[in-house]
Amino acid sequence: MSTDSNDAAQLLYPPNVQYNGSKVYTIKFLSSCFAGAAAGTLGLETWLGFGLFLFSTLLTFACLYVKCKAKPAKYAPGGLWDLLNPGQDNMFSFLLVWTLFYGIVHGEITWQLDPTASHINTVP
Amino acid sequence: MAGSAVSLYLDPQIRDWVLFPITLVMILVGVLRHYVMRLLQSPPKKQPKEAIREQRALVQAQILRATAANSPIPPTFYRSISQGLSKGLGDGSYLKEGPSKKDEAPTPPNPLTDPNAMDGMMSGMKTQMVMMVPQMIIMGWINFFFQGFVLIKLPFPLTLGFKSMLQRGIETQDMDVRWVSSLSWYFLNFFGLNGLYRIILGSDNAADATQTMMASPFSAATSSQPGQPQDFNKLFKAEQDNLEFSEGLYNWVAQDVETRILRKYGRKV
């Protein structure tokens, strides 16, 4: 009956819902950024990189779950799935940071290790 | 140029002078856009008391109805509010122009000529312009200055279809798609910085690219006409019916609370 879901929605206190939502979003964003940095620094390629993203998502979910004292429905509307899914924005942020660190670490190290290629890049 | 078997080596100066500046510029332009939007948005026009009362009466009725099944208001209050609203909605005393005359049918205001609706549509258009213009400028800037060289290697592979877009300006046939030019770095930044904006500027910021793309000018126009061209007379009639229906559903949350408490503490069977 639709009034049941309405009743449940009425009992939520909007400012709290918003605060929780933004906190959870910040946590997910930061964890995806750090996962991207880790993946890039380690030089992980395709599947390994996405595997790390998946692993970081699960780790974040586990931490949030513990913080919710095992009752996600009380802290986030939409319960379990809200805590688990990383969000589309965070996927792109992960890609961005991963590419950034991969470029920084990968480009520099191979240049240093292979002096015979120095004729390609003339350093003034 | 080397095929995919040999790695390319990138000058660290490329990294310093292209990678970081593009990211920095995009972050700063995003913040700029947000503040420009805030300055450009004109404050909502002060509406006369009757217009506000018209909108608020509807909202009040809806709020009352929403909690009717588990209502926190005792029966006497609920019924008096409900009946007062019902009467007010019915005989048109809440309408902007006062009770309608019996012989002429009230007409909804025309959205094109109503000045309030035009303001709403204008602000929607302004938002679109402010979002699109800096993006175009930055794309032009990148195409002009940072063209013709490979910037970075993507850690993940893409299909060949992306090659034309991501390697624009680099005239090679069989270089791996993972080596990309600066424009692709621009695209990565474009999508990936939304989360950062949300943290710096708070949610509901004007720099969010995905929200702007989803909200086309049409949706901006429809959402900015929340009350003006709607026929309040019809709405009031519908609301009156809903109110009466909810009165049937009404149930006070504290009904028989004395009995429940006694039973809970075991004093009464």
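In this predicted model, the side chain of Ser182(B) comes to 2.7 Å from the backbone oxygen of Phe146(B). Ser182(B) belongs to helix 6 of chain B. Its relative accessibility is 0%, and Ser182(B) therefore counts as buried, the limit for that class being under 20%. Beyond the residues within four places in sequence, Ser182(B) is in contact with Phe146(B) and with Val18(B), Ile22(B), Ile142(B), Phe149(B) and Leu151(B).

Helix 6 of chain B runs over residues 182-192 and is mostly covered, with 9 of its 11 residues buried. Besides Ser182(B), the buried residues are Leu183(B), Ser184(B), Trp185(B), Tyr186(B), Leu188(B), Asn189(B), Phe190(B) and Gly192(B). An α-helix has 3.6 residues a turn, so residues three or four places apart point the same way.

Rolling a probe the size of a water molecule over the atoms shows where empty space is left. Over the whole structure, the search gives 7 cavities of 30 Å³ or more. The second largest cavity holds about 70 Å³ of space.

Which helices of chain A each supply at least two residues of the lining of this second largest cavity? They are helix 2 (14-42), helix 3 (46-67) and helix 5 (79-84). Helix 3 of chain A gives the most, with 5 residues. The lining includes Lys28(A), Ser31(A) and Ser32(A), together with Phe53(A), Ser56(A), Thr57(A), Thr60(A) and Phe61(A). Leu83(A), Leu84(A), Pro86(A) and Asn90(A) also line the second largest cavity. Sorted by class, the lining has 6 polar, 5 nonpolar and 1 charged residues.

Leaving out residues up to four places away in sequence, Cys68(A) touches Leu83(A) and Tyr75(A). Cys68(A) sits in the loop of chain A between helix 3 and helix 4 (72-75).

Is Cys68(A) buried or exposed? Cys68(A) is buried, because its relative accessible area is 6%. As a further reference point in chain A, the C-alpha atoms of Cys68(A) and Pro15(A) are 18 Å apart, with the two residues 53 apart in sequence.

Definitions and conventions
Residues are numbered from 1 along each chain as its sequence is written. Chains are lettered from A and ligands numbered from 1 in the order in which they are written. This is a predicted model: local features need pLDDT of at least 70, side-chain atom pairs count only at pLDDT 80 or more; totals for chains, interfaces and linings use all residues. Side-chain values use heavy atoms; hydrogens and water are left out. Buried means under 20% relative accessible area, exposed over 50%, partly exposed in between (1.4 Å probe, protein chains only). Helices (H or I, at least four residues) and strands (E, at least two) are DSSP runs, numbered from the N terminus. On a 1 Å grid over the protein atoms alone, a cavity is a set of points where a 1.4 Å probe fits but cannot get out, and a pocket is an open set with protein on both sides within 12 Å along at least five of seven lines; lining residues have an atom within 4 Å of a point. Grid points are joined across faces, edges and corners, and a volume is the space filled by probe spheres set on the points. Ala, Val, Leu, Ile, Met, Phe, Trp, Tyr, Cys and Pro count as nonpolar, Asp, Glu, Lys and Arg as charged, and the others, Gly among them, as polar. A polar contact is a pair of N or O atoms within 3.5 Å; within protein, one must be able to donate a hydrogen and the other to accept it, and residues adjacent in sequence count only if both atoms are side-chain atoms. Contact means heavy atoms within 4.5 Å.
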